[in-house]
Amino acid sequence: MQLLYSQKTWYTTPMKRHFLILISVLFLLCGGCARTDAPVSPTAESSPIVELLLADPTPSPTPMPTNTPIPDALNADSGQYTIAWISDTQYYSRKNNGVFECMTQFLRDNADRMRLAYIVHTGDLVHNRDVPEQWAVADRAMQIIDDLPNGVAAGNHDVGTKPEDCDYSYFSRYFGESRYAGKSWYGGSFEDNRGHFDLVSAGNTEFLFVYLGYQVTQAGMDWARETFAAYPDRVGVLAVHDYFYHDLSLTEQGQLLYDNVVKPSRNLYLVMCGHRYNCDRVPVELDDDGDGVPDRTVLQMIANYQAIGDAAAAERTGGDGYIHFLQVDENADVIRYTSYSPYLDDYVYFDEPAHQMEKYAFSAEGEQGQVPIPWPH
């Protein structure tokens, strides 16, 4: 042992020093066991060992912490259910149909774990209404979820932007009443699905989803208002294409819908729209009986990702497959909302600082958060 410790440079590396400590400890222990008749006093020969054991200059490394697993935001427990929301899929139908099918296949494959109650599409299934190939893409993608409760509103690209150019013939051919007749959730139609309504049960809530397509007419708004009135005990949802501008102010059609449908329909609690580029919600309190006290809150919402990325990327992918999800938790009295792309496997697009530099950037807080449930339950 004297030979080993006289060469101090031999044990300067951590691995060799730790090995030498182990040998030294074993040597001392063995010596103690062999000589129990008297204590052993330190000597000059043993002092390097004692110094080495008492003052190791190299501390043991601290173990790295492990990340706490975060539950998937789309998993729904008992007392929770999910409403999925798609909008403005026009570029997928025009150029990148694989993204559209990826979205609906994800909904199909994950319906059980999300407790998926309903799927809303707020319009612009295609980019060019008179191109059958685009309708075929939209038809094929939506067929994947044909057996799940869902509804579709017509957008301006589906039927025409100008009132004098409005033509529902293609939309009705592919997404008219005949496509949904016989579905358990389908309630009825206005002018071959220019408007329609669905009846859906989820959790403790009976829903009434009412759709009106682009270029709303007075007859269509009258029908929608009468439909809400016909089901006063159901929680009403209005799904339309055009309602908000980018800045969340009402468009011309949005103002018409607000005045003629939202305000007079006392069981209407949600408005869902696309068309412009944003993802957010604007609650409004309404005094139905005129006593000066609000009687209900209407949660007005927009979700449309078609313009994310630069102009070329938006034209190519049309929104990268982002879907907006509303997870209703009746036990906690909240709606948790988030956006997810199965195409990119990514939550919340605008949480990346670089994305905030885009022309139509919107707040990540609008994509993910929670609000109180506005309806009685």
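Two strands count as paired if DSSP finds at least two bridges between them, and strands (E, at least two residues) and helices (H or I, at least four residues) are DSSP runs numbered from the N terminus. The model is predicted, so that local features need pLDDT of at least 70 and side-chain atom pairs count only at pLDDT 80 or more, while totals for chains, interfaces and linings use all residues. Residues are numbered from 1 along each chain as its sequence is written, and side-chain values use heavy atoms, with hydrogens and water left out.

**View 1. Strand E8 and its partners E7 and E10.** In E10 (residues 296-304), Ile-302 is the bridge partner of Cys-273. E8 and E10 run parallel and are joined by four bridges. Strand E7 (residues 235-240) also pairs with E8 in the parallel sense, over four bridges, and Leu-238 has Val-271 of E8 as its bridge partner. Between E7 and E8 the chain passes through helix H12 (residues 252-262), in a right-handed β-α-β crossover; right-handed means that, with the strands pointing away from the viewer, the path from the first strand over the helix to the second runs clockwise. Strand E8 (residues 268-273) is largely enclosed by the rest of the structure, because six of its six residues are buried (buried: under 20% relative accessible area, 1.4 Å probe, protein chains only).

**View 2. The open sheet of seven strands.** The strand order is E4-E5-E6-E7-E8-E10-E9, with mixed pairing. Strands E4 (186-190) and E9 (278-286) form the edges, each pairing on one side only. On average, neighbouring strands of this sheet are turned by 15° against each other, direction ignored; axes are lines fitted to C-alpha atoms, for helices over the stretch in contact, and angles run from 0 to 180 degrees between N-to-C directions.

**View 3. Strands E4 and E5 with helix H11.** E4 and strand E5 (residues 195-202) run antiparallel and are joined by four bridges. Ser-189 has His-196 of E5 as its bridge partner. Helix H11 (residues 218-230) packs on the sheet and touches E4, E5, E6 (205-212), E7 and E8, its direction making about 175° with that of E6. Contact here means heavy atoms within 4.5 Å.

**View 4. Strand E2 between its partners E1 and E3.** All six of the six residues of E2 (residues 116-121) are buried, and the strand is mostly covered. Strand E1 (residues 80-86) pairs with E2 in the parallel sense over five bridges, while E2 and strand E3 (residues 150-152) pair in the parallel sense over three bridges. Ile-119 is the bridge partner of Ala-84 and stands opposite Asn-150 in E3. Together, E2, helix H7 (residues 132-143) and E3 make a right-handed β-α-β unit.

Conventions. Buried means under 20% relative accessible area, exposed over 50%, partly exposed in between (1.4 Å probe, protein chains only).
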